[in-house]
Amino acid sequence: MFSYVARQAIYNVEKRVFAYELLFRDGDSNCFPDMSPDEATSSMIANSHLTVGIEDITFNKPAFINFHKDTLLYRFPSTLDPMNVVIEIVETVEVNDELVQACKHIRDLGYQLALDDYDFAPRWDIFLPFVDYIKVEVEEIEKQGAAAVAKIQAFNAQGIKVIAEKVETHEQFERFKAMGVKLFQGYFLARPEMIRHRDLNTSLHSVTELVSLSNSPNFDTKEVAKVIEKDVGLAYKLMRFINNPMINKRQKIESLQHAINYMGHVEIKKFIALLALANMRGEKPSELLIQSLVRARFCSLMSIELKLPENPPTSFLLGLFSMLDALLDQQMEHLVEKLPVGEELRDALCKKNIDSTMGLQMRACFAFEEANWEEIDYIAIQFELTGERLYTLYYEAMHWAENMNSSIT
């Protein structure tokens, strides 16, 4: 049986990724696998779900994982590394002495604990002396009003970090941060905070010149080499990029021109696009760049899988530019007007014609990020692929993105 895993970022007050919540689908049950003995559960999480380890999914950041009553009482997967995992106690558990003692035991083993979907009810008070995190939906905080603010401040005094869930706007983020919330989960970082123009400063002259050359109908690698050789930073990043084992496995590079010729037009254009995106990021969290790279690679791999030989470079741009609105604080409709791209790519970026090939590719990116398993199954059927194959491509894209990010930043 094949299972999926998705991740949702948890951000700190600086809007940098602190941890990821991992969301599982176990076959048709569409939930955390909570029905097998301890060894099988451990194996499913540590091996079947996460073939090469949780840390590869979370890039060595903590992983928050939901655990239900039976798993906590009898089947706790002790193979999980307490340095990498936070155990989430879900809100549906029945609070009794047996469960409390089990959670204390888990804490004594070195694991951190979190209360999920906390509702300020007194029944949770018994857990407070030994939990490290409390997750509260923003709607619940707003409903409780001043009482919630007092509770949050009390939790801070006890060393318990509050995670605000379903934070959808920048205004919410700022408001709950002012209340004392330390961590945040939601899609607000993937949306523009406000509409304003971000000018490219003079230090980006070489990058903008490369972008211009990349978009020229008469792409000339010699001109590209001339630009790069004048900028030691660009030259260094190019060599780091090509030295990545995912790009270059054996070839020794003798010169910039050699590097460019070895990469070929498609890869050098990717490198230029990555540089441009990295420089446009400004003060935005690096997670936005990494997520853009994941989407770029995933869309490209889907096109290859669908045997669209002319399409992978365009699909790569689709994923890469899909978060431009968040990076540049402008509406996507305004940004695509400035891009020399085709109509299908423009429509997909603006979430129009969502049933086109590119529209479905974009929907697949969103589905994995939001753990929307029904949507993943639907898209797999449209592409005549299996959900397992789509997940394999997404997992590959995640690792490619982390390697690429280290090569250009």
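Among contacts in the protein chain between residues at least 6 apart in sequence, what share joins residues at least 24 apart? The share is 64%, where a contact means heavy atoms within 4.5 Å.

**Before you start**

This is a predicted model, in which local features need pLDDT of at least 70, side-chain atom pairs count only at pLDDT 80 or more, and totals for chains, interfaces and linings use all residues. Residues are numbered from 1 along each chain as its sequence is written, and side-chain values use heavy atoms, leaving out hydrogens and water.

**The whole chain**

Show the protein chain as a cartoon. It has 19 helices and eight strands. Helices (H or I, at least four residues) and strands (E, at least two) are DSSP runs, numbered from the N terminus.

Now colour by burial. Of the 409 residues in the protein chain, 54% are buried. Buried means under 20% relative accessible area, exposed means over 50%, and partly exposed lies in between (1.4 Å probe, protein chains only).

The accessible surface of the protein chain comes to about 18500 Å². Carbon and sulfur atoms hold 50% of that. The areas come from the Shrake-Rupley method with a 1.4 Å probe, and for residues only the protein chains shown count as cover.

**Stop 1: the loop between S5 and S6**

Select residues 112-115 for strand S5 and 133-137 for strand S6. Aspartate 117 is in the loop between them. Its phi is near 50°, a positive value in a residue other than glycine. Most residues other than glycine have a negative phi. Aspartate 117 counts as partly exposed because its relative accessibility is 23%.

Move on to phenylalanine 120, in the loop between S5 and S6. Phenylalanine 120 is not a glycine, yet its phi is positive, about 70°. Is phenylalanine 120 buried or exposed? Phenylalanine 120 is buried, at a relative accessible area of 13%.

**Stop 2: glutamate 165**

Select strand S7, residues 161-165, and pick glutamate 165 in it. Glutamate 165 is buried, with a relative accessible area of 9%. Leaving aside residues up to four places away in sequence, it touches Asp116, Asp117, Lys135, Val136, Glu137, Val138 and Gln185. Asp117, from the previous stop, is one of these.

Draw a line from glutamate 165 to phenylalanine 184. They are 19 residues apart along the chain, and their C-alpha atoms are separated by 6.1 Å.

**Stop 3**

Phenylalanine 184 is in strand S8, residues 183-184. Phenylalanine 184 is buried, and its relative accessible area is 0%. Show its contacts, not counting residues up to four places away in sequence. They are Ala9, Ile10, Tyr11, Asn12, Val13, Ile163, Ala164, Val167, Phe173, Phe176 and Lys177. Phenylalanine 18 is 166 residues away along the chain, with 9.2 Å between the two C-alpha atoms.

Next, select helix H7, residues 170-179. Which residues of helix H7 are buried? They are His170, Gln172, Phe173, Phe176 and Met179. Glycine 180 follows H7, and its phi is positive, near 110°.

**Stop 4: the H17 and H18 pair**

Select helix H17, residues 357-369, and helix H18, residues 373-382. They pack at an angle of about 150°, with their axes 9 Å apart. Axes are lines fitted to C-alpha atoms, for helices over the stretch in contact, and angles run from 0 to 180 degrees between N-to-C directions. H17 and H18 are therefore roughly antiparallel to each other. Angles over 145 degrees count as roughly antiparallel, under 35 as roughly parallel, 65 to 115 as roughly perpendicular and the rest as oblique.

Show the side chains at the contact. H17 contributes Leu360, Arg363, Ala364, Ala367 and Phe368. H18 contributes Glu375, Ile376, Tyr378, Ile379 and Gln382.

End on leucine 360, in helix H17. Leucine 360 is buried, at a relative accessible area of 6%. It touches Ile354, Asp355, Tyr378, Ile379, Gln382 and Phe383, again not counting residues up to four places away in sequence. Leucine 360 and isoleucine 376 are 16 residues apart in sequence and 9.9 Å apart in space, C-alpha to C-alpha.
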